[in-house]
Amino acid sequence: MVEGSRLLRPKVVVTRRLPDRVLARMSDLFDVVAHQDDRPMDHAALDDAMANTDVLVPTVTDRIDAALIAGAGGRLRLIASYGTGFDHIDLKAARTRGIVVTNTPGVLTEDTADMTMALILSVPRRLAEGEKLMRSGQWTGWSPCAMLGHRIGGKALGIVGMGRIGQAVAMRARAFGLTIHYHNRHRLPASVEQMTDAQWHPELDTMLRSVDILTLHAPHTDKTEHLLDARRLALLSPHVYVINTARGELIDEPALINALEAGRIAGAGLDVYAHEPAVDSRLLALSNVVLLPHLGSATFEGREAMGHRVIANIRVWADGHRPPDQVLEGWA
């Protein structure tokens, strides 16, 4: 129903099962059709969902490509994505059709930074290896030279992408005694650098040569695809650990595996992968890699906050205003 420029009760299609409280609130406010099967919708199902709705609420597992957007019904005017990333949506095609795209930034910052810090601790100290050893029943007791890892205090942490999450990681890492280096296209204000005690590297290659641990926090775009490729991996010293809780596509995964197998880098902590949910079997075989199943935002609080951010975007849009989290292409 339309009143002036307002859409009083827009039809909203939700592609995945969301937290109960989020769906309940959505249903109070909107005409909701929720996909209850907790599996990604295939292309045909998405096509059907987009044919007769005002708002689509997809997740990172839904590939909203140009063909789907071109075939969408005339009612569709908002794609309110449940998540921070937007690389699963063809923004150019959406803009051509006049469809607004929103995401849920900010609400996942602390959760993702916590998970990043957990990997920064876990990989050098070989925590996952130790846990597997205990479960195997093969631990023979304490030994002066057993399961030796590396302390992180005094090491140099390189952060690629110093946005909200990158800055939150920097604050945590400082408390553990790491020195902070970062690469952004643009330098942060002096006040932020002072707060995080961070040193800016205008050239990524230069930073890679000077860090002990590298963590990635850039979005996946055409410009950041395989940002860490074979050439750049070769710039890292053999003692360096690579952490990725951002997007799997930021790393050339075969090149990373080759570097790990050859001992050209010390290890990796990964929460994201190039072809999720598929994980290269060679990664599974490496003892110097900690693998997590995309847990960065997996807290009760975070997932509910994401849902309420989606609701806020829909409500503002339905009232005829620009939603607060409209996605603009680019990398800070």
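Is the crossing of α1 and α13 left-handed or right-handed? The crossing of these two helices is right-handed; a crossing counts as right-handed if the near helix is turned clockwise from the far one by less than a right angle, and as left-handed if anticlockwise.

1. Basis of the note. This is a predicted model, in which local features need pLDDT of at least 70 and side-chain atom pairs count only at pLDDT 80 or more, while totals for chains, interfaces and linings use all residues. Residues are numbered from 1 along each chain as its sequence is written, and side-chain values use heavy atoms, with hydrogens and water left out.

2. The α1–α13 pair. Helix α1 spans residues 20-29 and helix α13 residues 300-318; helices (H or I, at least four residues) and strands (E, at least two) are DSSP runs, numbered from the N terminus. Their axes come within 9 Å and cross at roughly 15 degrees. Axes are lines fitted to C-alpha atoms, for helices over the stretch in contact, and angles run from 0 to 180 degrees between N-to-C directions. The two helices are therefore roughly parallel to each other (angles under 35 degrees count as roughly parallel, over 145 as roughly antiparallel, 65 to 115 as roughly perpendicular and the rest as oblique).

3. Residues between α1 and α13. On the α1 side, Arg21, Val22, Arg25, Met26 and Leu29 take part, meeting Arg303, Glu304, Gly307, His308, Val310, Ile311 and Arg315 of α13 (contact means heavy atoms within 4.5 Å). By class, this contact has five nonpolar, two polar and five charged residues; Ala, Val, Leu, Ile, Met, Phe, Trp, Tyr, Cys and Pro count as nonpolar, Asp, Glu, Lys and Arg as charged, and the others, Gly among them, as polar.

4. The five-stranded sheet. An open sheet with parallel pairing has the strand order β4-β3-β5-β6-β7; two strands pair if DSSP finds at least two bridges between them. Strands β4 (31-34) and β7 (100-102) are at the edges with a single partner each, so one side of each has no neighbour in the sheet. On average, neighbouring strands here are turned by 15 degrees against each other, direction ignored. Strand β3 (residues 11-14) runs parallel to β4 and is joined to it by four bridges, with aspartate 31 of β4 as the bridge partner of lysine 11.

5. Helices on this sheet. Helix α1 packs on the sheet, touching β3, β4 and β5 (55-57), and its direction makes about 145 degrees with that of β4. Helix α13 also packs on the sheet, where it touches β3, β5, β6 (78-80) and β7; its direction makes about 160 degrees with that of β6.

6. The seven-stranded sheet. A further open sheet, with parallel pairing, has the order β10-β9-β8-β11-β12-β13-β14. Its edge strands, β10 (198-200) and β14 (289-291), each pair on one side only. Neighbouring strands are turned by 20 degrees against each other on average, direction ignored. Four bridges link β11 (residues 213-216) and β12 (residues 241-244) in the parallel sense; threonine 215 has isoleucine 243 of β12 as its bridge partner.

7. The α5–α7 pair. The axes of α5 (residues 109-125) and α7 (residues 164-175) come within 9 Å and cross at roughly 50 degrees. These helices are therefore oblique to each other, and their crossing is right-handed.
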